[in-house]
Amino acid sequence: MKIVSDYVFGKFIEYDESQYEDVLNPSTEEVIAKVPKGNLETLEEAINVAYNVQSAWEELPPIERGMYLKKIANKIRNRASEIIDTIIKEGGKIYDLAKTEVYFTADYLDYMAEWARRYEGEIVNSDRPNEHILMYKKALGVTTGILPWNFPFFLIARKAAPALITGNTIVIKPSVETPMNAQIFAEIVDEVKLPKGVLNIVNGSGSKLGSVMANHEKVSLVSLTGSETAGQKVMLEASKTLTNINLELGGKAPAIVMKDANINEAVKNIIDSRIINTGQVCNCVERIYVDEVIKENFVDILVKEIKKIQYSNPCDDKKSMMGPLISKRSQKSVQEKVERAISEGATLLCGGEIPNKKGYFYPPTVLDNCRNDMEIVQEETFGPVLPIISFNNFEEAIYLANDSKYGLTSSIYTNDLNIALKAIRKLDFGETYINRENFEAMQGFHAGVKHSGIGGADGKHGLDEYLRTHVAYVQIKN
Ligand code: NAD
C-alpha cells in the first residue's frame, strides 16, 4: 500500500496512521493508497519556508530558474511510464490520455522555461524633463496552488511552472482523490535539487487546508482550479487578506451546429470531446444546439456513433475507449441529473443507467428534446451526457448558448467564415473553437468569464498572473 507523504523544504513528511484517509482506484473500488487528511502545522511550515527562500530564488537569473524546469521536464519523460500507470490507477484515465497528459506536462515546463529570456519590463516616456520611468516586472512572492483530480499531474505544472520561472515560490495542494502522481512530482523536484522550499506539496482536504492557503498573510496569490463552490469559498477567504486570486472553475460548453456544417465531422468532434476523461473535463461539450433543418439527421448519426463507445477498466485494457467516473458520489450525481432531466421531459436516446459492475462506470448518454431551463442544460455535469436542443436561426443559437452562468469554452460548426466571426464576436465565453473541440494550446490563454473564473492560465497572459509591476521614477541631473 502506497503511503503518500507531504513534501516541505526538501523533506518527505509522514504521520501516524490516524491522520490518513483511503485513496480508491475508481475502476475497481479497491484501496490503493493512503493520503494525509491535512496537517495545518505542516501547511504553516510550508508557507513559512516558501516565504523565507523566495527572495533568494527571485534573485537567481531567470535562465537559471528555467534550467530547473527543464531538468524536471526531462526527469518526467524518463519516468513517464510509471507516472502514466499512476494516473490511470488513481484517476481512471485511459492510457492514451494519461500518456498525453504526462508528455504535455513535460513540454509545458520546457515552454515556460523559455520565457526566462523573454518576459520583460518597460521604459516609458516621462512628462518631466530628465526623468526616466522604469517599469519592472517582479514576482508576487509566495503562491499557493489548489488542484482538482481531473488533470492532476498537468495542473501541478500549470501552476508551478509560471510561478517558478517568474521568481515566485509555491505550495501545492493536490486533490485527495489523486495524490500519488504529485508524490512522484515531489520526488523529481528533489532529484533535480531544486532549492529547498521553492516548491512544497501539502496534501489534505480543501475544507481543512483551503482557507489558510487563501488567507495567510505571507501568501500573495492563491490559484485554484476546481468547482465554482470551491472558487467562491477561496475568494471569500482571500478577501480577508486581500490576497490575489486566480480561479479556473467549471464550464458548460455549448456546441452550435449550423445547417451548413459538415455533420460527420461535428458528430465525431463532439463525441470525442464528451467522452474524453469520461466527460470530466471543464471544457468538453456539455450541451448541443443544432439547426432544426438538419437535426434529425444529426441526431441519428450521433446516436449511432456514440453507441460504439465502450467503457472498460483502463488498468487492464490499454485500448480502453472510456474509463470510470472518479467516485461513487460522482456516478450517483450524474445518474440523478439524467433522471431529473427525463422527468422534466427529456427523451432518453441511449445510456442513462448505471451498469451492474464494479467501478464507477457510466455509459455515454444522449438526451433529446431538452429545454434551456433544465438543470441538465444549466448545471455542470461531469459525465458523458449530451443534452440536445434545436434552434431556428443563428441569433437564437447564440442566445441559448449565452444563456448560462458559465462562460469557459464554446464551439461552432460552420463553413461560413462570416458566421464564424460573428459567433466569436457574440459568444460570451473565454474561448471559442471553430469546427473543432478542446484542447487549448499552451501558448494560448485558458480563461473563463462569468462563473467560470477570474484570471487564466497559459501563454504570456498566464505568466502575467504571477507578476506584479513595480514602477520607479528616476530623476537625473541635467
Ligand atoms: P473541487 O472544487 O471539489 O476540488 C478542487 C480542489 O479544491 C481540491 O483540491 C479540493 O480539495 C479544493 N477545495 C474544496 N473545497 C475547498 C475550499 N473550501 N477551500 C479551498 N479549497 C477547496 O473540484 P474537483 O471535483 O476536484 O474538480 C472538478 C471541477 O474542477 C469541475 O468543476 C471542473 O470544471 C473544474 N476544473 C476547471 C478547470 C479549468 O481550467 N477551468 C480545469 C479542470 C477542472
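How many nonpolar, polar and charged residues does the shell around the ligand have? By class there are eleven nonpolar, nine polar and five charged residues, where Ala, Val, Leu, Ile, Met, Phe, Trp, Tyr, Cys and Pro count as nonpolar, Asp, Glu, Lys and Arg as charged, and the others, Gly among them, as polar.

Before you select anything, note that this is a predicted model, in which local features need pLDDT of at least 70 and side-chain atom pairs count only at pLDDT 80 or more, while totals for chains, interfaces and linings use all residues. Residues are numbered from 1 along each chain as its sequence is written, and side-chain values use heavy atoms, with hydrogens and water left out.

**The whole chain**

Show the protein chain as a cartoon, and you can look for its 15 helices and 25 strands, which are DSSP runs numbered from the N terminus (helices H or I, at least four residues; strands E, at least two). Along its principal axes, the C-alpha trace of the protein chain spans about 75 × 65 × 40 Å. Of the 478 residues in the chain, 58% are buried, a word that here means under 20% relative accessible area with a 1.4 Å probe, protein chains only.

**The ligand**

Next, select the ligand and the 25 residues around it, of which Leu147, Ser227, Leu249, Glu380 and His446 come nearest; a residue belongs here if one of its heavy atoms lies within 4 Å of the molecule. Colour α7 (206–215), β11 (219–225) and α8 (228–241), each of which supplies at least two residues of the shell, with the largest share, three residues, coming from α8.

Now turn to the oxygen atoms of the ligand: a polar side-chain atom of Ser227 lies 2.5 Å from one of them, and an N or O atom in the side chain of Lys173 is 2.9 Å from a ligand oxygen atom. Both are polar contacts, that is, pairs of N or O atoms within 3.5 Å; within protein, one must be able to donate a hydrogen and the other to accept it, and residues adjacent in sequence count only if both atoms are side-chain atoms.

**Asn246**

Finally, select Asn246, which has its place in strand β12 (residues 244–248) and counts as buried at 2% relative accessibility. Leaving aside residues up to four places away in sequence, Asn246 touches several others, including Lys159, Leu221, Ile454 and Glu465, where contact means heavy atoms within 4.5 Å. Display the side chains of Asn246 and Glu465 together, and you will find them joined by a polar contact of 2.6 Å.

How values were computed
Buried means under 20% relative accessible area, exposed over 50%, partly exposed in between (1.4 Å probe, protein chains only).
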